[in-house]
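Here's a quick tour of ring contacts and a ligand site. Have a look at the structure first, then read on.

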Amino acid sequence: MLIKIENLQKIYQMGKVKVTALNGMNLEIKKNSYTAIMGPSGSGKSTLLHILGCLDTPTQGKYFLDEEEVGGLRRNKLAEIRNKKIGFVFQTFNLLPNMNVLENVELPLLYAGMSKKLRRKRAKKVLDDVGLIKRLKHKPSELSGGERQRTAIARALVNNPAIILADEPTGNLDSVSGNSIMRIFEYLYKQGNTIIVVTHDQHIAQMTDKVIKLSDGKIVN
Amino acid sequence: MNIYHSIKLGLIDMLNNKGRTMITMLGIILGAMSIIAVLALVQGGRKRSLQFLEERGGVLKLSIHPKWSFDLETRSEIAQKQLTLKDMKLIKQYFPDLKYFSPGITKRPTLKYKENTFSGRVNGIYPEYQNAENFFVGQGRFISKFDNQEASKVIVLGTKAKEVLFGNESALGKNVSIENTNFTVIGIMEHKEMFWGGWKHNALEWMNRQAFIPLNTMVKKLYGDEPLNSLEFQVASTDLVKPTQEKLSVFLKTLRDGKEIFEVRANSERLEEIEKQTGKTQIIFLLIGGISLIVGGIVITNVMLASVKERMREIGVRMAVGAKRKDILIQFLVQTLLVSFIGGAIGILFGLSLLTILGKFLQSPTAANFQMILIAIILAFGVGLFAGIFPAINASRSDPIKILRYE
Ligand SMILES: Nc1ncnc2c1ncn2[C@@H]1O[C@H](COP(=O)(O)OP(=O)(O)OP(=O)(O)O)[C@@H](O)[C@H]1O
Ligand SMILES: [Mg+2]
């Protein structure tokens, strides 16, 4: 199993009030699978994805990534795992506005300590894969929404992650650009990648091979 | 992530926010500038003072003068017990290590050559005067031992005295009269000059307005036996100045039945004064420079804190793709150091150009050296480190998920 979570809980303490975002969750995800996470707003989809992406830590329960228990690791170790094993795609792209497409995509490799020459080569390869080889020197503000998201996907792919996580990647896009993004995910899946995507879109869910439905912090299907 | 990348990021951010960068640098620029300018001016002043001291006989010179008193009775007593050549012989005998004994009697007669007259100091002196005073003949020759023994009627003129009496005419070998006695000009002293800040006036002009004749000639041919106005001599080395000064005071007291008629002055006392003065001014102005650096540092801290806040999303993104805390820390610290380093460098350049302008304007000497530049750079860097560490730590403490969740 690539991912295994046991009795995962996430509780936010807001003053005196406790908000239970994830309420005892068990889940297994195989290598080279394509999973959709669906559910109403506030059901805990983003929270789950952030924990899976090592951006956040669970309050309780266990999370094994690639056989390694990562739930309780320290910040620096988590940063390293994000850098080596995770590719995260945000709904709002989260590109650095002052850097061009190539530099944005190179960023994870920079923190991995890769040499400039290799970084260039690797970044160009993935940018070619997402169809942006002609936009290397563009700043994010000079790109369309779809191009921005493709840049973000290239950035998520560049470190050859064990798993690609996407939180509503088409949420800010029109249907045409959204479709092209989903075709990229499908292609990546067929190339052997493991993908988990949070979505509200039934059409997208149909393309995946497994759909997980969340409600009130629990899996309901 | 390497430092090179941090430097590049810092430069890009600085260029993207030129106005902010300028304001941030201002304090550092002013601080470094004033430190350089002040250090160089003060050191220049010190150099000039030391030079002046050297012109006045150097640090080895001691001299005996009648003590000053407010009390009339004491003053007349002092006047009666003036130093004589006999006293000098005794001092020479008891202090064999002293050299260049140079007694002097100074009068202010009128010198005449044809229709030209000149009133100035005429000093009756020994040949040792040159070495004791560090003031040498420039043309012809100085008064010799023989001249003194024979009470020859020879005279050496200062450049100003020569100019007034002879104009462009050559003076050597011609006769000048003092009190109706003819003296042959055998030499012209070297020209002395020194200009203090801003003044057109030659501070050493009075030296050029003197004339010199043998002491014996003055006593035997002009004015009769007179007490000495001054007695100068040199010790062998600087560490002998103080002890000799003390011993001499005691010796002179015994020569005058235990009365304190004379005081022994040392040129090196001036030196101490100069160093003390230099130190004081330097500290005061360094404080001013230091304060502007500190203010500059506070400005940097605040601007960087604001910048960190502004760039939270960037920090979050970097962390999300694998930046560790230390990467973020280094990134922001390097940027602050860059700001202070560039600011310091600009400040030093401004300081140096300010110096050239000030130096010309005030006609005062400046002595900028590598050491000062190093001090300014190190201070600027230190301030940058100090000012930058807090914002950098602040940035590195951010939690990526909190930042990224906040739209
Ligand atoms: N930092 C936080 N502090 C307190 N409560 C939080 C925090 N983050 C999320 N929550 C709460 O946890 C619950 C799950 O939030 P989450 O963002 O995972 O929902 P979601 O399924 O992604 O919703 P959406 O479809 O609207 O994006 C919500 O009730 C939310 O209010
Ligand atoms: Mg969400």
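## Aromatic pairs

Searching the whole structure turns up 11 aromatic pairs over all chains. Rings of Phe, Tyr and Trp (its six-membered ring) pair if their centres lie within 6.5 Å, with planes under 30 degrees apart counting as stacked, over 60 as edge-to-face and the rest as tilted. One of them joins Tyr94(B) and Phe251(B): the ring centres are 5.1 Å apart and the planes sit at 45 degrees, so this pair is tilted. It ties together distant parts of the chain, with Tyr94(B) in helix H4 (residues 85-94) of chain B and Phe251(B) in helix H10 (residues 241-255) of chain B, 157 residues apart. Helices (H or I, at least four residues) and strands (E, at least two) are DSSP runs, numbered from the N terminus.

This is a predicted model, so local features need pLDDT of at least 70 and side-chain atom pairs count only at pLDDT 80 or more, while totals for chains, interfaces and linings use all residues. As for bookkeeping, residues are numbered from 1 along each chain as its sequence is written, chains are lettered from A and ligands numbered from 1 in the order in which they are written, and side-chain values use heavy atoms, leaving out hydrogens and water.

## Around Phe251(B)

Phe251(B) is buried, at 15% relative accessible area, whereas Tyr94(B) is exposed at 54%. Here buried means under 20% relative accessible area, exposed over 50%, and partly exposed in between (1.4 Å probe, protein chains only).

Phe251(B) also pairs with Phe95(B): the centres are 5.5 Å apart and the planes at 85 degrees, so that one is edge-to-face. Again distant parts of the chain are linked, as Phe95(B) belongs to the loop between H4 and strand S2 (99-107) of chain B, 156 residues from Phe251(B) in helix H10. Phe95(B) is buried too, with a relative accessible area of 13%.

Elsewhere, ring pairs link Tyr129(B), Phe135(B), Phe142(B) and Phe212(B) into a cluster.

## Ligand 1

Ligand 1 lies between chains A and B. Of the 15 residues around it (a heavy atom within 4 Å), those coming nearest are Ser41(A), Gly42(A), Lys45(A), Ser46(A) and Thr47(A).
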